[in-house]
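Please look at the model below before reading on. The paragraphs after it go through a few of its parts in turn.

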Amino acid sequence: MDAESSPRHGLTRRRALAGGALAASGLSSGCVETIERFFGGSSREQVSLEIVTVPADADARLTAIARTLVDRLEAVGIATDFLLTPTDQLRKKVLTNRDFDVYIGTMAADRDPDYLRTTFQSSYSNGVGWQNPFGFTDQGSDSLLDAQRYQSGQQRRETIQDALTDITGEQPIVPLLSDTAIAAVRRNRFEGWDRVRARDPLWLLALDPAPGRSPEGRLRMTAVEKILTERLNPLLPTFSEFDALTAYLYDPLGRYYDGQIRPWLAQSWSIDESAREIRLELHPDLTWHDGEALTAADVQFTYRFLNDTAMGTGETRHPAPRFRRQSSLVDAVDVLDDQTVRISVDAAPAVARTVLTAPLLPEHVWESRTDVVDESTGLTQAVTWDNPDPVGAGTLAFESRTVEESLVLTRNSDHPMNREGTALFERFGPLAFDSLRFRVVPSDLAGLSLLTDGDVDATVPKLGNDVISNVRNESAVDLVTSPSRTVYHVGFNARRRPLQNPGFRRAIARLFDKGDIVESTFDGHADPLTTPVTDAEWIPSSLAWNGSDPEVPFAGSGGEFDVERAKQYFEDAGFQYTNDGRLVY
Amino acid sequence: MALFEVLTQVAAVVALAVAVSLGAVVGFSRFPRTRQQFFTQLRIVAPYLVFLGIVLGFTSALREVGTVVQWAIGFHLSPVIFEIEGTFVAWLQTFQTSTATTYFSAIYVYGYAYLLVFPIVAYALADRTKPLRLLILAYILNYVIGLVCYILFIAYGPRNYLIGEGILYSFWPQAQFLTSEVNTNTNVFPSLHTSLSVTVATLAVMTRDLYPRWAPIAIPIALSVCLSTMYLGIHWGVDVLAGAGLAAISVYGAVRLDDHFERGVSASREWWGTLRNRLPI
C-alpha cells in the first residue's frame, strides 16, 4: 500500500459543511473558514474537488483508480469528496446533467477518429450524451476536426494527428488505457469465440455450433448490469459500450468487418465522390420483427429522425445524441424506389461511409415518439423511453424479459444472414443458436459459479482480475481475450473553476502512473493510452507510449509517487500552497 | 436454482440449530402445553405478528420504489463515513485468517438467521406473552427506522470503496444470490445485521429469568455478527455503531409502546365496562 493511503484523519471543509452533526469532531477549523469565506474574509479558498466513479461492485478497477487519485489529491493539498454512484447514475450525472467535477469512467472510442469531432468540438458542448460532456473549448482542434472530414488518406491522417496533439496538450480528459475484453466461456456447445473481438456486436454472430451439433438450442449468458433487462432503446444517450444488445436487435445498413465497412442490411452500394452521394440497394424482402416490410422509406425516416427526434414539432431541432456524429454528416436522403435510396453526405468517402453504421428504425413505431420531454436538455421521448417491446430488423428479435432477472432474444429467420444465398449467409450464417438468454447475476464471481456448473455458456466480455484467476482453475471453462476500444479515462468538467485551467488538468494527469495501473490494477490485461484514440495509425509518433506518457509523464518514478514534484506542477499552473500544505487559489 | 440452493441450505442449518437449542434453552418440560393456553396467548400476540408481517411485506415491496426515492432525495453519506473512519475496516482485515473467514462468513449468514428466528420460537413457548410482544415490536421498529434511513441516506459499504476486500463474496460467491435478494448495496447505514442482533441480545438479557441459558448464547453470537459485518468488508464501523444505537432505540421504544398498548387495552376494557353498565340492558 502506498504511503499516502494510510488512514486519513480530519475533515475537509466541504465535508464539515455536509456532514453536520455526524462530523461534529471536525467542525472547529472548517467552520471558521466557511464563515470567513461567506463574509468575504481574506483567507483564500482551498481547491476542492468531487471525485465520482462507480462502486467496486460495478467495476473494481475504476474504483481502484479513483481511490489512488483521491489519496494523491489529498497528499497534494486538494480537498476531495469521494462519491460512488451506480453506472447509470454516473452517466446521468455526467452525460445528461453535466453536474460533476472529475469522474473516472469508460467510453467507447469509435473505430473512425471522426468521433473526436462530436466528443471534443466546442460547438457540441451544449448537447447531451457523449457530445463534449467536458465543456472543452479549443479553436485549434475545432478547425482541424472540421477539416479532416473532407480529407482522405495521408492528409487526413496528419490532420487527425495534429488534432490529437492539440487535444492531449490540453487534457480535457486523461486517457488512461484500453482494457482487454475478457469473457469466460464453455466450448462444449458453441465454438468460434475467438473469431471476432469480444466487444464487437458480431462476436456472437460469428459463433458456430460445436462439432456434431446443429445450429439450434439456446445460448445462455450472464450479465451483471440489470439495465439490460430494463431499457432496450438504441438511442439512449447514456448507452454503455459493454452493452452490444441493441446492436443485435437493431441493424444498420453497413457494418465493419473484414477490414472495412461492408453492406449489411444494404445489399450493395456505390459512392460518387464528387457528388458526395451514396446510392444503395436494400436486400429484397427485408422485414421488421413485427412483420412489417422494411423499405427505403424507413431508411429516409431513420436519418430524418436521428437528425430531429421531434420531427419539426419542437422549438429547435432535437438530434439523437448517440448518433449525432452520423446525422450531422447527412444532408439529405432521397427514396428512389422501394429498395433504393440516395444519401447525400457532407464528407469525403472515408468518413461518409461511417454514416451507414447508424441503426435503422421502423417509421411506424418511432413516428409517434416525437414529444419533447425536457426542453432545457433537448431530450425527447425517443431518446428517453424504455422501449419495452423493441421492434428492429436485427439478427435477433425480442422475445421476453423479467425485469432485473433475465432477457430472451430469438433468431430472426427473415434476416439476410439467416437466408441462404446471401453474401451475409455465406460469411456468417446461419446463426449458431435459435435463442439467446441473458441472466442477471449479482457479480462476476457468482456468474462464474453458474458457468462452472454448466448452467450458462458464457459471461459478458468484461471480467475483472478476481474472476480471471479463478477461471484458470476450472478445466471446463476457458478465457477468451481480445483488445478493446473501451477507453478508461478521467473526465474533467472544464466549465468549472479551477478545471477550466489546462495547467491544472495537466498537473492532475501527472498523478496517474498509467504503466503501474496497467500492471497492478489490470494485471497486465490492458494497453496504456496517451490519446483518446486506440488505433496506432492515427497517433502521432510524438505521442506514442514509450514506457511512460510522453505528454504528461507521471510525477514520480519506479512506482513511487513524488509528492513534492507533483506540488510543483500545481504551483506552475498558478496555484499556491499555504503553510499547512493546502492548495489555494 | 443457485438462490434456491443457498436458501435451502440456510433453512436446513437454522432449523437444526433451533431444534437443538430448544432442548437446551427452553427445555422439553415446557411442552406439551394445553391447547387452551396456547390459543389464549396466540390471541394476545396475533395483532403483533400480523403487524410484523405487514411491515416485512411492506419493506420488501417498497425496496424498488425506495431505491428510486433514495436517488431522488437521498444524501450521499458514504463520502462522509469515508472521511471519518478511513481505512479502519482494512486494518481490521489485516488480522485475516482462513479460520476467521470461515467463522465470520458462517456467522454472517447462518448465525444471524438463527439469532433472529430462535427467540421467536422460544418466546412463543413461554408461559407469558410479554417477551414475544417486545421482540416483535423491537423487530418492527428496527425495520421501519432502518428503511427510513435507507431512503434518506445513500451509502456504499467499505468493500465498494475498496477499503479492504469483500471477503464474503470472494470466499462464498453464491451467498450473493441470497444477500442481493434481501438488500441493495447502497443500503449499509445503519447495519441492520448489527441492530437486530444487538436487539436480540439485549432482550435475552432482559428475559434472563425466563431463559437463563439464552443470554450466554445470544451475546457472543450477536457480537460476532457485529464484528463479521466489518471483517467481511460489508459495513463501516460507523454503520455498526449506528446499528447499536438503532437497537437501543428499538428496545426502548418497544418497552414504551408495549406499556402504552397494555394501558390502552385495560383502559378500553374499563371504558367498555362503564358503557355497558350505563346501557339499559
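Predicted model: local features only at pLDDT ≥ 70, side-chain atom pairs only at ≥ 80, totals over all residues.

Residues are numbered from 1 along each chain as its sequence is written, and chains are lettered from A and ligands numbered from 1 in the order in which they are written.

Start with helix H4 of chain A, residues 87–96. Helices (H or I, at least four residues) and strands (E, at least two) are DSSP runs, numbered from the N terminus. In H4(A), the residues Thr87(A), Leu90(A), Arg91(A), Val94(A) and Leu95(A) are buried. A residue is buried if 20 or more other C-beta atoms lie within 10 Å of its own, exposed if 12 or fewer, and partly exposed in between, with C-beta atoms placed from the backbone. An α-helix has 3.6 residues a turn, so residues three or four places apart point the same way. The cover over the buried residues of H4(A) includes strands E1 (48–53), E3 (102–108) and E22 (486–492) and helix H3 (56–75) of chain A.

After H4(A) comes Arg98(A), in the loop between H4 and E3 of chain A. Its phi is positive, near 55°, although Arg98(A) is not glycine. Asp258(A) also has a positive phi, near 50°, and sits in the loop between strands E9 (254–257) and E10 (260–263) of chain A. Is each of these residues buried or exposed? Arg98(A) is partly exposed, because 19 other C-beta atoms lie within 10 Å; Asp258(A) is exposed, because there are 6.

Most peptide bonds are trans. A cis bond joins Arg497(A) and Pro498(A), with omega about 0°, and another joins Phe189(B) and Pro190(B), with omega about -5°.

Next, the contact between the chains takes 29 residues from chain A and 26 residues from chain B. Two residues are in contact if their C-beta atoms, placed from the backbone, lie within 7 Å. On the side of chain A that touches chain B, H3(A) gives the most, with six residues.

Last, Asp444(A) belongs to helix H15 (residues 444–452) of chain A. Asp444(A) is buried, because 25 other C-beta atoms lie within 10 Å. Among the residues Asp444(A) touches, beyond four places away in sequence, are Val224(A) and Leu463(A).
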